[in-house]
Amino acid sequence: GLHYFVIDVVVTMLSWSTTAILEDRQLASSLLEHMMRHAHHENRGVFRNNLEVIKSLTECWKEKLQPPTKVIYDYFSSTGGEDSKIASRTGIQLLGIVVANQMLPYDPVTAKGIDERKFYIDFCSLMSHKYKEVHAAAAEVLGMVLAFKEERKDG
């Protein structure tokens, strides 16, 4: 999980976001990648807090961020038992944060070798996951992705 000090520093930075404007796109994207990579926590309350901080960071700096496609993919493409259910849910929630903030869900720069087609095929395969909480959440986020892509096509 994320260290409490990292959370405190990020929350402080976000509280200054109207005064101290972030200029470095690479630095901001690296911070987001680190936070997403370490977002999961076994304690549900801590995990929710981590997601909330990531959501706030994304909302404040979305113009400066590249979503960490590989990190999100690694979470949702995890296989094997209860751990895969937890990892898949984490990846789905992170992807939902990205799409809800009008950011492209797939970024070729941060995909690190993952083909866009494979990214979406593997995400769609979550819709046949044996746990309802996984396939229901995947269906909801997939709907958001499709609506976002359609909206961008028209705009």
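Me: What pLDDT does the protein average?
Reply: This is a predicted model, where local features need pLDDT of at least 70, side-chain atom pairs count only at pLDDT 80 or more, and totals for chains, interfaces and linings use all residues. The score pLDDT is the predictor's confidence in each residue, from 0 to 100. In this protein 97% of the residues score at least 70, and the average is 92.

Me: In which helix is confidence highest?
Reply: Helices (H or I, at least four residues) and strands (E, at least two) are DSSP runs, numbered from the N terminus. Residues are numbered from 1 along each chain as its sequence is written, and side-chain values use heavy atoms, with hydrogens and water left out. Confidence is lowest in helix α1 (residues 4-15), at a mean of 90. The highest mean, 97, belongs to residues 116-124, which form helix α6.

Me: How many disulfides does the structure hold?
Reply: A disulfide is a covalent bond between the sulfur atoms of two cysteines. Here the test is a pair of cysteine sulfur atoms within 2.5 Å. The number of disulfides in the structure is zero.

Me: Is C60 buried or exposed, or in between?
Reply: Buried means under 20% relative accessible area, exposed means over 50%, and partly exposed is in between (1.4 Å probe, protein chains only). The relative accessibility of C60 is 35%. C60 therefore counts as partly exposed.

Me: How many salt bridges does the structure hold?
Reply: A salt bridge is a side-chain nitrogen of Lys or Arg within 4 Å of a carboxyl oxygen of Asp or Glu. One of them joins E150 and K153, with 3.4 Å between the closest N and O atoms. These two residues both lie in helix α7, three residues apart, about one turn of the helix. In total, the salt bridges number ten.

Me: How many residues apart in sequence are the parts that E23 and K64 tie together?
Reply: E23 forms a salt bridge with K64, and their closest N and O atoms are 3.9 Å apart. E23 lies in the loop between α1 and α2, and K64 in the loop between α3 and α4 (69-76), so the distance in sequence between the parts they tie together is 41 residues.

Me: Which residue forms a salt bridge with K85?
Reply: At 11% relative accessibility, K85 is buried. Its partner is 3.5 Å away between the closest N and O atoms, and the pair links K85 in helix α5 to a residue of helix α7, 48 residues apart. That partner is E133.

Me: Which residues is R89 in contact with, leaving aside its neighbours within four places in sequence?
Reply: R89 lies in helix α5 (residues 81-100). At 19% relative accessibility, it counts as buried. Contact means heavy atoms within 4.5 Å. With the neighbours set aside, the contacts of R89 are R44, E133 and V134.

Me: Which residues are linked with E33 in a network of salt bridges?
Reply: E33 sits in helix α2 (residues 25-37) and is buried, at 17% relative accessibility. Not counting residues up to four places away in sequence, E33 touches P68, V71 and K112. The network of salt bridges links E33 with R37 and K112.

Me: What distance separates the C-alpha atoms of E42 and I86?
Reply: E42 lies in the loop between α2 and α3 (44-61) and is exposed, with a relative accessible area of 80%. E42 and I86 are 44 residues apart along the chain. Their C-alpha atoms are separated by 9.2 Å.

Me: How far apart in space are A147 and L95, C-alpha to C-alpha?
Reply: A147 belongs to helix α7 (residues 132-154) and is partly exposed, at 44%. In sequence, A147 and L95 are 52 residues apart. In space, C-alpha to C-alpha, the distance is 14 Å.

Me: Which residues make the nonpolar surface patch of about 340 Å²?
Reply: Patches are made of residues with over 30% relative accessible area and no salt bridge; like charges are joined within 9 Å, and nonpolar side chains (Val, Leu, Ile, Met, Phe, Trp, Tyr) within 5 Å. Accessible areas come from the Shrake-Rupley method with a 1.4 Å probe, and for residues only the protein chains shown count as cover. One member, F5, is found in helix α1 and is exposed, at 52% relative accessibility. The patch is made by Y4, F5 and V9.
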